[in-house]
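I opened the model to look up a few points about its fold. My notes follow the display.

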Amino acid sequence: MVSKKYTVLTVLLLTLGVASYAQTAAWDWKDSSVVPVKSITQYNEFLQNKNPFPAKPRNAWEFSGALGTSSVTGDSKSKMGLGASVSLRKALNNIFSYRLGYYYSYNVGGNGERYDYYGRPAYETAPLSPVYANKYKNNSHNFAIDLIASLNTFSNYRGDPTSNLYVFAGVGVGLSTTKVEPHDSTKYIYEEHIPQTQLLAVTGHTLIFTTFDVGAGYAYKINKKFNIGIEERIISPVKHVNYITGFNSQTGTKNIYYFTALKLNFNLF
Amino acid sequence: MINKKFLLIIGLIASISLTAHAQTKSKNKVEPLWWINPNDYVYSELNAPKHMKMPKVVLPDADGDGIPDQFDLEPNTPAGVPVDAHGRALDTDGDGVPDYKDKELLTPQKCFPVNADGVGVCPESQCCTDVKKELQKIIDEGLASKKADCSIASLPSIQFKSSTKLSKDAETILASAAAQLKASPSCKVKVIGYGASSKAAQQLSYDKVSAVIKYLVEKEGISESRVIFVYGQDGDANTVDLQPTTEDGPNSVPAPHPNLKSKK
């Protein structure tokens with residue numbers, strides 16, 4: 001295991017090294033190769049001083065891979081889960097950009113407490129049926145499109161930014177599969193949890209629902225092709241969902257994902 | 001746990017491949033725009049314009065000589081006067097008077113300083129000075145020999161009694177003097193009258209000299225140009241001296257006090 005860890009670390013460092021070694025060209029307003037065909041008129045007018053504004057250059061997509069922790073709020077107390085994501089981000093202008101992403105999370109939780117149907121701890125009331133166990137294991141997938149706003153101002157005092165603070169909001173589709181340990185089970189095995197709901201869709205044991213998300217992140221530029229960042233992403237089902245943490249009601253605490261990740265971002269020149 | 005490792009490895013492989021991709025792909029794109037400060041272009045142009053159309057520089061030139069006031073050392077050059085690179089009117093001979101005022105465009109430096117018209121006074125050459133000296137010498141010598149021509153050593157004086165009328169003796173003396181003068185044509189005669197103490201004495205002296213000269217010219221036929229009129233000198237008022245000379249002088253002078261003229 002130790003040797004593997006070191007191997008992984010070495011590979012990671014090598015990757016960073018190669019990335020930081022990459023030579024890139026700064027934006028040159030004279031460079032027609034970065035001007036899209038539809039803007040070539042403006043580019044020519046600009047060169048002839050007939051138009052004061054340079055044409056917007058063709059800019060690169062950014063690919064991100066992220067790894068981090070995930071947790072879900074709910075009636076059952078969440079333990080630290082695992083999250084990973086890949087995404088592609090493209091600038092609309094110097095402030096706004098959009099991002100297409102896939103987010104995976106593995107969430108676990110529950111400490112054996114029991115709740116009644118209304119989400120109250122079972123010991124507070126008579127043990128009305130049904131009462132469910134809340135130990136769960138959950139696999140979630142989220143496909144989302146985000147609008148990102150960079151909070152960097154256009155500096156009057158230095159050149160290109162070396163760090164980028166941003167906030168975002170988006171919408172998406174979530175898929176969730178949860179296994180629970182029934183409260184009355186003595187075997188303590190996780191079973192497929194069948195949501196008893198008329199939500200967006202239920203395919204087998206998989207719940208499908210719409211989501212919206214908000215978040216913020218920070219990226220630090222290593223070089224023109226590579227930057228590294230951290231991001232906090234909060235994903236909420238649009239409707240009240242309580243099944244992700246294995247509680248089969250619409251009254252308890254709403255399930256919301258919290259995904260904190262370390263991101264490696266690559267500009268795809 | 002296997003899943004986690006698998007994910008990590010997949011992620012790393014993706015990273016490496018993407019980085020390698022970034023190395024090889026052609027650069028027909030710029031960085032994502034959030035990494036670009038649009039002010040870069042603006043400030044670069046302000047700092048070192050490469051694209052900016054700079055306005056044509058207009059510098060004031062009050063006198064219109066083609067040299068802007070900022071560099072014009074002579075801001076009031078008259079219109080149309082040719083100037084040098086510093087806006088000063090041309091002065092070809094460098095005498096300090098510009099060409100447009102200079103009446104002598106090429107004054108030699110040895111003739112400096114010049115006057116307001118730019119005309120200088122040239123010193124004579126050594127040769128010319130020498131020639132002049134020689135000439136003067138010759139002239140002086142010639143004059144000296146001319147003076148020596150007057151061989152009359154002295155002429156007698158004329159004695160008047162109280163009036164201005166010439167006596168018989170005086171006429172005789174004047175006749176002999178005239179004979180001497182005629183014998184020496186290069187000689188002139190200075191007729192000197194005395195009497196300077198008062199206006200009346202001066203006038204009397206004048207009258208006596210006039211009488212002598214009148215006699216010499218009219219009776220003896222001595223040319224007027226050979227007579228020199230001198231009166232009013234200090235001395236005996238009844239005497240008029242005749243002095244042979246080669247000098248030049250006036251042969252007539254206006255009466256000093258005509259109202260005091262002798263009635264006789």
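At roughly what angle do the axes of helix H4 (residues 168–183) of chain B and helix H5 (residues 199–219) of chain B cross? I found that the axes of H4(B) and H5(B) cross at roughly 55° and come within 10 Å. That makes H4(B) oblique to H5(B), since angles under 35 degrees count as roughly parallel, over 145 as roughly antiparallel, 65 to 115 as roughly perpendicular and the rest as oblique. Axes here are lines fitted to C-alpha atoms, for helices over the stretch in contact, with angles from 0 to 180 degrees between N-to-C directions.

I noted that this is a predicted model, in which local features need pLDDT of at least 70 and side-chain atom pairs count only at pLDDT 80 or more, while totals for chains, interfaces and linings use all residues. Residues are numbered from 1 along each chain as its sequence is written, and chains are lettered from A and ligands numbered from 1 in the order in which they are written.

Next I listed the residues between the two helices. B:Glu171, B:Leu174 and B:Ala178 of H4(B) meet B:Val212, B:Tyr215 and B:Leu216 of H5(B); a contact requires C-beta atoms, placed from the backbone, within 7 Å. By class, this contact has five nonpolar residues, one charged and no polar.

I then turned to the strands of chain B. Helices (H or I, at least four residues) and strands (E, at least two) are DSSP runs, numbered from the N terminus. In strand E2 (residues 188–194) of chain B, six of the seven residues are buried, meaning 20 or more other C-beta atoms within 10 Å; exposed means 12 or fewer, and partly exposed is in between. Which way does E2(B) run against strand E4 (residues 239–245) of chain B? The two are antiparallel and joined by six bridges, and B:Ile192 has B:Asp241 as its bridge partner in E4(B). With strand E3 (residues 227–233) of chain B, E2(B) pairs in the parallel sense over five bridges; pairing takes at least two DSSP bridges. There, B:Val189 is bridged to B:Val227.

Last, I checked chain A. I counted two helices and 12 strands, and buried residues make up 37% of its 269 residues. A:Leu165 sits in strand E7 (residues 163–181) of chain A. A:Leu165 counts as partly exposed because it has 14 C-beta neighbours inside 10 Å. Leaving aside neighbours within four places in sequence, I found A:Leu165 in contact with A:Leu151, A:Asn152 and A:Tyr218.

Notes: Ala, Val, Leu, Ile, Met, Phe, Trp, Tyr, Cys and Pro count as nonpolar, Asp, Glu, Lys and Arg as charged, and the others, Gly among them, as polar.
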